[in-house]
Each structure stands twice: as C-alpha cells, then as structure tokens.
Amino acid sequence: MNATAKAISEPVAEFAIRTSKLNLWYGTFQALFDVDLNICNGMITSLIGPSGCGKSTLLRSVNRINERLGYVRIEGNIEVMDKNIYDPDVELVQVRKQIGMVFQRPNPLPISIRDNILFGHRIHNKGDKSSKSDQNEIVESALKQVLLLDKVKDRLNQRGTELSLEEQQKLCIARLLPVKPSVLLMDEPCSALDPKGTAAVEELIWELRGEYTILIVTHNMAQARRASEECIFMLMGKVVEHQATEDLFVTPEQKETADYIEGRYG
Amino acid sequence: MSAINPLNRSMTTDFDSRNMDWYIDKFVQFIVFVAGISAIIFIIGIFIFITMEGFGFLLEDFSFREFFLSPFWEPSDEDAPEYGILALVAGTASVTGLAMVVAIPFSLGAAIFIGEFASGKLREYLKVLVELLAAIPSVVWGFIGLSIMNPLIIDLFDVPVGLNVLNAGIILGLMAAPIMTSIAEDALKAVPDRYREAAEALGATRWQVIFKTVLPAAKNGLLGAVLLGVGRGFGETMAVLMATGHAVNIPGSLFDPVRALTATIAAELGETAVGSPHYQALFTIGIFLFIITFIINLTADLIVRGIRKG
C-alpha cells in the first residue's frame, strides 16, 4: 500500500491535540484554568501571551515533562491522536516517543553529534540491532532534513555541545526525527538565537509543517505572525482567543487580544 | 546669584585624605594574605623537613635497587640491616586496591541515590549522615577492624587470624566511601539539569537518563572522587595499622597479613634513635608517601576541575 492510498483508507484525525477542561496547579498556585483547545493536525500553531500566562505550562503538560517537578497536579484531559495521555494505562516512554520537544535553550547532550541523533532512536528500538549503515542513513537523513548535513558531515564525532547555538538547536530538532513523533512541541526555540539563527530555525520549522503537528510557544509576536498558521492567545492561565494567525492579528475578536498585539501591555 | 550655585560651597576636596578605615582595610588585607599563603609555606616547610631528616639515608645507605625492589624490611638486623619497601608498598597497594573495590560501588550507588532519586528531607538527612560518617576518627575504624571484623573473618572463612588484607581493605573502603560519596554527589549535581530534561523528553527512563547522560557527563568528577579515595587509602595510618596484622609480607591471598608504609612509620619511628640510618630510612618512606599522595591529589584536583591531560 503506498502512502497516498494509506492516507485515504485511514481517516486522519482532524485534530492532533485536544484538551478539555484542563486545570493545572503548581502546589497551590493554579496556572491553567479550564483550557479547551483543538490543535489542527499537521499545522503550526503558535501560543502567545505575556510572561506567566501559562503558555509554557500548557506546552509542557502535552508531553508530561511538567511532572519532573513533582508538585504539579492536573485535572482534565489532553488527548493526543485521540488518546488521553493522562490515562493511568499510558506509558510515559510512549508519550515521549509520540511527542518530541525542543527547549528554549538548546540542550544537545554532551556526546557526539552522531550519538545525539541516535539517542532517541536507540532508546525506542532496543530490540532490533540496526546495522552501522542503517544508523549512518538515519543520521544523514535527520541532518539533511534540518539543513545541517553539509555543515557537520565531516565532524559527526565532535561533541554536540561544541556547535554554534543555531546549529545546536537544529541538532535538537534533528534528534527528534528518527523517533518518528507525530507532534513537535517547541518552547521558544529561537529565543537564545541571533536574528540569522532565528530565521534559519524558523525556515526549518516551516519546512517541517504538514509532516508534523507543531505547537510553538513564542514571546515574539512577529514570529508567531510570520511562522504559524494558527495562533492561540493566552492570558492569566486562560485561553482568550484561538484563530487562524492571519485573522487573529488583523481582526482579533477579544479586546484583550487587540490590546496585547498592539503592545498596550505584556 | 552665587548663593544658589552649590559648586561654590567648597571648591577644595581632600582626595588624598585617609582615615582609620583605610588602615584597617590594609591591615585586614595583609592578615588574609598571610593566612592565604600559609598553606603553601606549610607544605614547602614540611617537605623540606622530611627531606632533610631522610637526606642522610639517601646519601649514604640508600640503594635504589634495595629500597624499591627488596621485599625485606629488616632495619633492626644488627649485622646487615635491610631497607626494602617492596613488601610495604605491596601491603599498602593491596589494601588500597581492595578498599576501592569495596568503596566504588558503595559510594557511586549512594551518590546516585542521593543526587538523582532521593528528594527533599530524605536527601538532606542522607547528606548530613554521610558527612557524619566521614568524621568518624580512624582509630575507631581500626577498633572495629580489630574487635568486630577480626573474629567475624575467623568465623566465616575458618582462618587462624582475621587481621589481614581483607579486614583492612573492607575497613578502609568503608572509611573512604563517605568522602567519595560526597565528591561524587557534587559531580552529579554539577551536571546541568537540561541534559536530564532533554533525555527525558526523548523518552529515556530514569535509569537511562542516569546511565547514558548523567554519568558520562560527570565522569571527570567521578574519577576525581575515586582518586581522592585512593589518596585517602595511601595516607591512612591508624586503621591499617590495627587491621592489617602488621606483618612484612607480599600478600598471596586476601587472608595474608600485610604491613602498610604509613603503619611502618607510625609503629617504628618512636623506637629509633634520632639520626640513625633506620630513622632516616623511615623519613625516606615519608618522602615517598608525600610524593605519591601529592601526585594523586593533584591529579584528582585537576580532573575534578575538568582539565584533561594530553
């Protein structure tokens, strides 16, 4: 069965991520209030809002990385590909396999570029020993997809942490790809980069749309405007508005949204 | 008009006036400087002292071959005293080696538990406890070796004497473990949390995070911890004096008694005539120990600071 036939025979969910009545507390502080969202499959959706509005918190609860903190309590559902990831029978490892994450500060592991890319792959394919040439192919295609191959192909054994910040962030995206996730979460992926690096990473994210559902938190309204298809505006832990990016910036429905995008606060 | 000009009030300023504070500041600086370099002065002073005391031996009776390669330490032989430290080195090395076999798994495991698994109160309690363990005087450990381990080893392994490599190795391992735990835990703590977060977000389990990410990232610090443990083992005196059996012997098994370099000095120095060849030979052992522990500690320090050789 070829790819198109498969796409036709299996109805693809319209929404990759759905949250319903999502409430979240850090200890006694409530950070999210009744968040109901439907994130379109295969699109880039950006999350904007002033600091402390809960956009990062929301993002970090979609792959449950929030739970590292230990004092986080959640009520409500987050369905990823029609499965509630907070169900008791859900395995964290599978959640993380399905949902990749890119962090604000590039965080390649202090191992070689090659091992960085194979890190996730090795974890999720414990059983079958892939041959060296298979691995080379995986590394090569991941690097090619993030437009990094030409720059680093001669120094794959160099440490990932020795690259420039822009290259590090691309590497962090590249290492998600061999795991074959369906959703990519990005937490201000460009905030540590200079304008040139930002442009390069934005271009890369744009390339990846369609193949992956991308949810991206950004502080930079201009970035949300030029690099996303849908946009969500959050304020004080609540979703204020969710529209096509174009509409949200041109004809916002809520007064708070209009005030924010015009820079009256935040 | 000039009344409202504040600059007119005083045009002369004492930029060169010094009050008491200036002198106090200078004085404190001087005191702190002296305290700071005193460590260097003491180290050099001690080295000069032991070198001078052992120098006569180095010049007259010292034979490189005999000193390092002869297994016979017979300084009290009236006709032909022999000063070979091979057996003593073997004693120290075997006990230290076994101590590391005991201490490395214990300290590494404890450090991983404290640093990566324990949280909140438990972690704080454990850290305090480990520090307390490190503060137990070595003579107490020697006492444990003598009065608890000794009969235990005799019972368990059916050997005539329980004061041997096994006993001293275990005691020394337990002694070295707390400080190694402490340093290893520091090394784990120095690994940035974003590495853990990155690995977890990729789907790594807690053990995979530790084994594949944290330990490799902390390996310099962990190596430093082990080396400091080795340094401790080489320098430890009282406990090995009490638990080894103190017999000059190149050990063939765990149940052979041995004698350590440090214990030899401690046991014999009080009974020798100052300035005699025996006395000077003991100081030569001191020089040797000083150089070895200095090298080990320096290497450990350099490694902990992340300066790799080559």
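Reader: In which sense do strand E4 and E5 of chain A pair, and over how many bridges?
Author: Strand E4 (residues 72-80) of chain A pairs with E5(A) in the antiparallel sense, over two bridges. Keep in mind that this is a predicted model.

Reader: Who's the bridge partner of A:Glu79 in E5(A)?
Author: That's A:Asn84.

Reader: And what's the strand order in the open sheet of four strands in chain A?
Author: The order is E2-E1-E4-E5, with antiparallel pairing. Strand E2 (29-40) and strand E5 (83-84) of chain A are the edges, each pairing on one side only.

Reader: OK, what about the sheet of six strands in chain A, what's its order?
Author: That open sheet runs E6-E7-E8-E3-E9-E10, and the pairing is mixed. Its edge strands are strand E6 (99-102) and strand E10 (238-244) of chain A. From one strand to the next, the twist averages 20°.

Reader: Let's look at E3(A). Why is it largely enclosed by the rest of the structure?
Author: Because five of the five residues of E3(A) are buried. A:Ile44, A:Ser46 and A:Ile48 point one way from the strand, while A:Thr45 and A:Leu47 point the other way.

Reader: How many bridges join E3(A) to E8(A)?
Author: Four, and the two strands run parallel. A:Ser46 stands opposite A:Ile216 of E8(A) there.

Reader: In which sense does E3(A) pair with E9(A)?
Author: Parallel, over four bridges. In that pairing, A:Leu47 has A:Ile232 in E9(A) as its bridge partner.

Reader: And how many bridges are there between strand E7 and strand E8 of chain A?
Author: Five, with strand E7 (residues 183-187) and strand E8 (residues 213-217) of chain A pairing in the parallel sense. A:Leu184 has A:Ile214 as its bridge partner in E8(A).

Reader: Which strands does helix H2 of chain A lie across?
Author: Helix H2 (residues 55-62) of chain A lies across strand E3 (44-48), E6, E7, E8 and strand E9 (230-235) of chain A. The helix runs at about 145° to E8(A).

Reader: What ipTM does the predictor give the complex?
Author: An ipTM of 0.86, along with a pTM of 0.81.

Reader: Now chain B. How many helices and strands does it have?
Author: Chain B has 12 helices and two strands. Along the sequence, the pattern is α-α-β-β-α-α-α-α-α-α-α-α-α-α.

Reader: What's the radius of gyration of chain B, and what would a compact globule of 310 residues have?
Author: Chain B has 27 Å, whereas a compact globule of 310 residues would be near 19 Å. Its C-alpha trace spans about 105 × 60 × 40 Å along the principal axes. Of the 310 residues of chain B, 37% count as buried.

Reader: Last one: where in chain B is confidence lowest and where is it highest?
Author: Lowest is helix H2 (residues 64-69) of chain B, at a mean of 86, and highest is helix H3 (residues 86-117) of chain B, at 95. The mean pLDDT of chain B is 89, with 95% of its residues reaching 70 or more.

Technical notes:
Residues are numbered from 1 along each chain as its sequence is written. Chains are lettered from A and ligands numbered from 1 in the order in which they are written. This is a predicted model: local features need pLDDT of at least 70, side-chain atom pairs count only at pLDDT 80 or more; totals for chains, interfaces and linings use all residues. pLDDT is the predictor's confidence in each residue, from 0 to 100. The radius of gyration is taken over C-alpha atoms; the globule rule is 2.2 Å times the number of residues to the power 0.38. A residue is buried if 20 or more other C-beta atoms lie within 10 Å of its own, exposed if 12 or fewer, and partly exposed in between; C-beta atoms are placed from the backbone. Two strands pair if DSSP finds at least two bridges between them. Axes are lines fitted to C-alpha atoms, for helices over the stretch in contact, and angles run from 0 to 180 degrees between N-to-C directions. Two residues are in contact if their C-beta atoms, placed from the backbone, lie within 7 Å.
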